[in-house]
Amino acid sequence: MNDRRVPLLPPSDLYGRRRSDRAIRVIDAVAETRMRWTALINRRTAAGAVDDRRIALTVAQRRVEAHDTDVVSLLLTAPDGRALPPWRPGAHLDLELPSGRLRQYSLCGDPAERHAYRIAVRRIPDGEGGSREVHESLTVGSSVTVRGPRNAFPFVLPGHGSDTARVHFVAGGIGITPILPMVRMAHRLGVDWSMVYTGRSRDSMAFLDELELLGARVRIRTDEESGLPDAGDLLPGVDADTAVYCCGPVPMTTLIADRVREMSSVELHSERFSPLPVRNGTAFEVELARTGEVIAVPADRTVLQEVLKVRPDSPYSCRQGFCRTCRVNALSGPVDHRDTVLTDAERAAGDMLICVSRCAGERLVLDL
């Protein structure tokens, strides 16, 4: 990556327009009203304006970012060297892997660098194959297609869309990837900020060299040296009028959420590694119109989970209702929409995301 820099302005909106940020916040169903959550969104207010552009890129650089070699970063550039679409901290790319899998990876480079995107991927040996494919198949010179960038985890600066006075960041393991650009922006713009970065051991933690350049505001904490952290270890000095940005394993984000619920005037903005459990679900049936198969969906399972049992090649990615990969058309039956991305027009046309949305009655007929 070259060293060109351009001035970083406070974020406008999620898509670069010069007006105030309109990131949507929703109240979690089990949280107290004083706790505000940033909704996972990736659509414009105008119907149908979701950014689905596909960009052909080349792996220009590959680097091991953790000494245990389980984290590698890829620098992606356009074959002709052209400038790439802009992005804001918290954004991700949809990466189309050679196998056909579609996976989301957070951008962890510098938004001021317009000629390259950087992502980092931890190998998950017993995962679903996406991370292994990145590690084993994408080498320097490989061609890859991406979609986006999209932002489902927007960073809102104090005084520019957030009512808080300071920011505290918490990253667990590979959760450092969306947090790192946020920290850099806060540092450059003189925001009052602090950070805790935790992991199993220093050898497993990526970008330690870059974080050390930011000084004593960053606290590195390892399970190996200090044991498993509690909420106090992750939120030192956090009090009223603080926005907490958190990304990491589910136990960590849950621990932080439970503590923040007890704190007045503290915002929590969080991105998860895995989908939330089904809440307030009821059992129903799904008919696959093309074959006539009927499958039962239990109250605590998603349509996608049950469809994958009979259609294992069905496309999916985020499993959280924002990437659109699992979108199908409901030919009949009432849909309980639980996504954060489909427009009213798309819902009226029968579209649904089967990773989160459900049936509001007894049976759905899907165009599958």
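So, let's count elements: the protein chain has 8 helices and 20 strands. Keep in mind that this is a predicted model. The chain is 368 residues long, and 54% of those residues count as buried. Here is another number for the whole chain. Take the contacts between residues at least 6 apart in sequence: 65% of them join residues at least 24 apart.

Let's go inside now. The largest nonpolar core holds 33 residues. Which residues have the most contacts inside it? They are Phe155, Phe169, Ile179, Trp193, Met195, Tyr197 and Tyr245. Several elements each give at least two residues to this core: β9 (166–172), α2 (176–188), β10 (193–199), α3 (208–212) and β12 (242–248). The largest share is from α2, with 7 residues.

Please find Met195 on your screens. If we skip residues up to four places away in sequence, Met195 touches His168, Phe169, Ala171, Ile176, Ile179, Val183, Leu211, Arg217, Val218 and Arg219. There is also a second, separate core of 23 residues, and its members include Leu288, Ile295, Leu353 and Leu364.

Next, the aromatic rings. How many aromatic pairs does a search of the whole structure find? It finds 5. Let's look at one of them, Phe155 with Phe169. A pair of aromatic rings is described by two things, the distance of the centres and the angle of the planes. For Phe155 and Phe169, the ring centres are 5.7 Å apart and the planes meet at 55 degrees, so we call the pair tilted. Where do the two residues sit? Phe155 is in the loop between β8 (143–151) and β9, while Phe169 is in strand β9 itself, and they are 14 residues apart. Are these two buried or exposed? Both are buried. Now widen the view: ring pairs link Phe153, Phe155, Phe169, Trp193 and Tyr245 into a cluster.

On to the strands, with β8 as our guide. Strand β8 pairs with β3 in the antiparallel sense over 5 bridges. One place to look is Thr58, whose bridge partner in β8 is Ser143. Strand β8 also runs antiparallel to β5, and 5 bridges join the two. Here you can look at Ala91, which has Asn151 as its bridge partner in β8.

Now a helix, α1, which spans residues 130–137. Its buried residues are Gly130, Ser131, Glu133, Val134 and His135. What covers them? The cover includes β3 (54–64), β4, β5 (91–96), β6 (102–106) and β7 (117–122).

Strand β4 runs over residues 71–77, and Ser73 is in it. Is Ser73 buried or exposed? Its relative accessibility is 4%, so Ser73 counts as buried. The side chain of Ser73 makes a polar contact of 2.6 Å with the side chain of Glu65. Beyond its neighbours within four places in sequence, Ser73 is in contact with Gln61, Arg62, Arg63, Glu65, Arg118, Ile119 and Ala120.

Compare that with Asp68, in the loop between β3 and β4. Asp68 has 25% relative accessibility, which means that it counts as partly exposed. Leaving out neighbours within four places in sequence, Asp68 is in contact with Arg122, Arg200, Asp203 and Ser204. How far apart are Asp68 and Ser201? In sequence they are 133 residues apart, but in space 9.5 Å, C-alpha to C-alpha.

My last stop is a sheet. In it, 5 strands form an open sheet with mixed pairing, in the order β15-β14-β20-β16-β18. The edge strands are β15 (293–297) and β18 (351–353), and each of them pairs on one side only. On average, neighbouring strands of this sheet are turned by 40 degrees against each other, direction ignored. Inside the sheet, β16 (residues 327–332) and β20 (residues 363–366) run antiparallel, joined by 2 bridges. There you can see Ala330 standing opposite Leu366 in β20. Finally, helix α7 (residues 303–310) packs on this sheet and touches β14 (284–288), β15 and β20. The direction of α7 makes about 140 degrees with that of β15.

Key: Residues numbered from 1 in each chain as written. Predicted model: local features only at pLDDT ≥ 70, side-chain atom pairs only at ≥ 80, totals over all residues. Heavy atoms only, no water. Helix = DSSP H or I, 4+ residues; strand = E, 2+ residues; numbered from the N terminus. Buried < 20%, exposed > 50% of the residue type's maximum accessible area, 1.4 Å probe, protein only. Polar contact = N/O pair within 3.5 Å; in protein donor to acceptor, adjacent residues only side chain to side chain. Contact = heavy atoms within 4.5 Å. Core = buried A, V, L, I, M, F, W, Y, C linked by side-chain atoms within 4.5 Å. Pairing = 2+ DSSP bridges. Axes fitted to C-alpha atoms, helices over the stretch in contact; angles between N-to-C directions. Phe/Tyr/Trp six-rings, centres within 6.5 Å; stacked < 30°, edge-to-face > 60°.
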